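Here is a short note to read with the structure open beside you. Take the points one by one, and look up each residue as you go.

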Amino acid sequence: MRNCLPSVPLSALDVSDSSPDVFLWKNSHDLPPGNFSAAKTWKSLYPPLPLVSWHNSVWYKEHIPKHAFILWLAVQNRLVTRDRLRSWGLNVSEVCLLCGAAAETRDHLFFNCLYSEAVWSAFFNHGTLTPPSNFNEVVSWVASPFTSVKIKTICRLIFQAVVYFIWAERNARLHTPSTKASHILVKEIQLILRAKLSGLDRTTHASSHASLLSTVHQPSFIYTWFEFFQI
Ligand SMILES: [Zn+2]
């Protein structure tokens, strides 16, 4: 206990001071004692790790949490794909559950599979945007600068939603007899994303009214969606 006390020489103490004693909290090793701060104490106990390069592709303001979580696992190649199961010694088939024509790996499942290609092309077959067809390159692409912030946001939302829905379809085929054609999956993704974009437009509209800024000349998320992604 004595070692925890600050080393102040007795000569420096003003014993005649009649003001009441107060507790001081040492929030971290670097800061002088002061008022208690839960945030500073937490950061001192658990120093934040450096940001990874893909952070902005997964965790951005408009993300859909369950989609971002699956992408977070996929970016780190932590989804339990069949190539990983086999690398652990499990005797499982290596065949892709979506096409049945190639070995199931993360990159095949989300980009090289005929099923996935059909889903991707539904959003990017209009010639205005040409995303890469490799998982890691798309992770970088959605974090790169775009001509429009709204197009960039929609591309990031599409990327996360496609990964989420393809992974869900893959699991449904593994555990149930149900299968969905790629165009049905596309319809479901479109429905979810249009609802998300409508919500973003309402939020933007409300905040622009509150700040007395006009967004009359800025196309909405929904307008941008129908102009570039669902023509
Ligand atoms: Zn496949």
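1. **Contacts along the chain.** Two residues are in contact here when they have heavy atoms within 4.5 Å of each other. With that in hand, look at the contacts in the protein chain with a separation of 6 or more: residues 24 or more positions apart account for 58% of them. Please keep in mind that this is a predicted model.

2. **Overall make-up.** How many helices and strands are there in the protein chain? There are ten helices and zero strands, so the pattern read along the sequence is written α-α-α-α-α-α-α-α-α-α. The protein chain has 231 residues, and 35% of them count as buried. Its accessible surface comes to about 14800 Å², with 60% of that belonging to carbon and sulfur atoms.

3. **The largest nonpolar core.** This core holds 51 residues, and those touching the most other members are Phe110, Phe123, Phe124, Phe135, Ile158, Phe159 and Phe229. At least two residues of this core come from each of α3 (65–75), α5 (106–112), α6 (114–124), α7 (135–141), α8, α9 and α10 (221–228). Which helix gives the largest share? That is α8, with 13 residues.

4. Leaving out residues up to four places away in sequence, Phe229 touches Ala122, Phe123, Phe124, His126, Leu129, Ile151, Ile154, Cys155, Ile158 and Thr224.

5. How do the lining residues divide into nonpolar, polar and charged? Three are nonpolar, five are polar and five are charged.

6. Thr153 sits in helix α8. Is Thr153 buried or exposed? Its relative accessible area is 2%, so Thr153 is buried. The C-alpha atoms of Thr153 and Leu197 are 9.6 Å apart, although the two residues are 44 apart in sequence.

7. **Val142, between two helices.** Follow the chain into the loop between α7 and α8 and you will find Val142. Val142 counts as buried because its relative accessibility is 0%. Beyond its neighbours within four places in sequence, Val142 is in contact with Ser57, Lys152, Cys155, Arg156 and Phe159. Val142 and Val58 are separated by 84 residues in sequence, yet their C-alpha atoms are 9.3 Å apart.

8. **α3 and the residue Asn77.** Several residues of α3 are buried: His67, Ala68, Ile70, Leu71, Leu73, Ala74 and Val75. Asn77 follows α3 and lies in the loop between α3 and α4 (82–87). Most residues other than glycine have a negative phi. Asn77 is not a glycine, yet its phi is positive, at about 55°. With a relative accessible area of 30%, Asn77 is partly exposed, because that value falls between the 20% and 50% cut-offs.

9. **Asn112 in α5.** Helix α5 contains Asn112, which counts as partly exposed because its relative accessibility is 44%. Setting aside neighbours within four places in sequence, Asn112 is in contact with Asp107, Glu117 and Ser133. Asn112 and Asn134 are 22 residues apart in sequence and 8.1 Å apart from C-alpha to C-alpha.

10. Where is Phe36 found? Phe36 is in the segment before α1 (38–45). Its relative accessibility is 52%, so Phe36 counts as exposed, the cut-off being over 50%. Phe36 touches Trp25, Asn27 and Thr41, not counting residues up to four places away in sequence.

Terms used: Residues are numbered from 1 along each chain as its sequence is written. This is a predicted model: local features need pLDDT of at least 70, side-chain atom pairs count only at pLDDT 80 or more; totals for chains, interfaces and linings use all residues. Side-chain values use heavy atoms; hydrogens and water are left out. Ala, Val, Leu, Ile, Met, Phe, Trp, Tyr, Cys and Pro count as nonpolar, Asp, Glu, Lys and Arg as charged, and the others, Gly among them, as polar. Helices (H or I, at least four residues) and strands (E, at least two) are DSSP runs, numbered from the N terminus. Buried means under 20% relative accessible area, exposed over 50%, partly exposed in between (1.4 Å probe, protein chains only). Accessible areas come from the Shrake-Rupley method with a 1.4 Å probe; for residues, only the protein chains shown count as cover. A nonpolar core is a set of buried Ala, Val, Leu, Ile, Met, Phe, Trp, Tyr and Cys residues joined through side-chain atoms within 4.5 Å.
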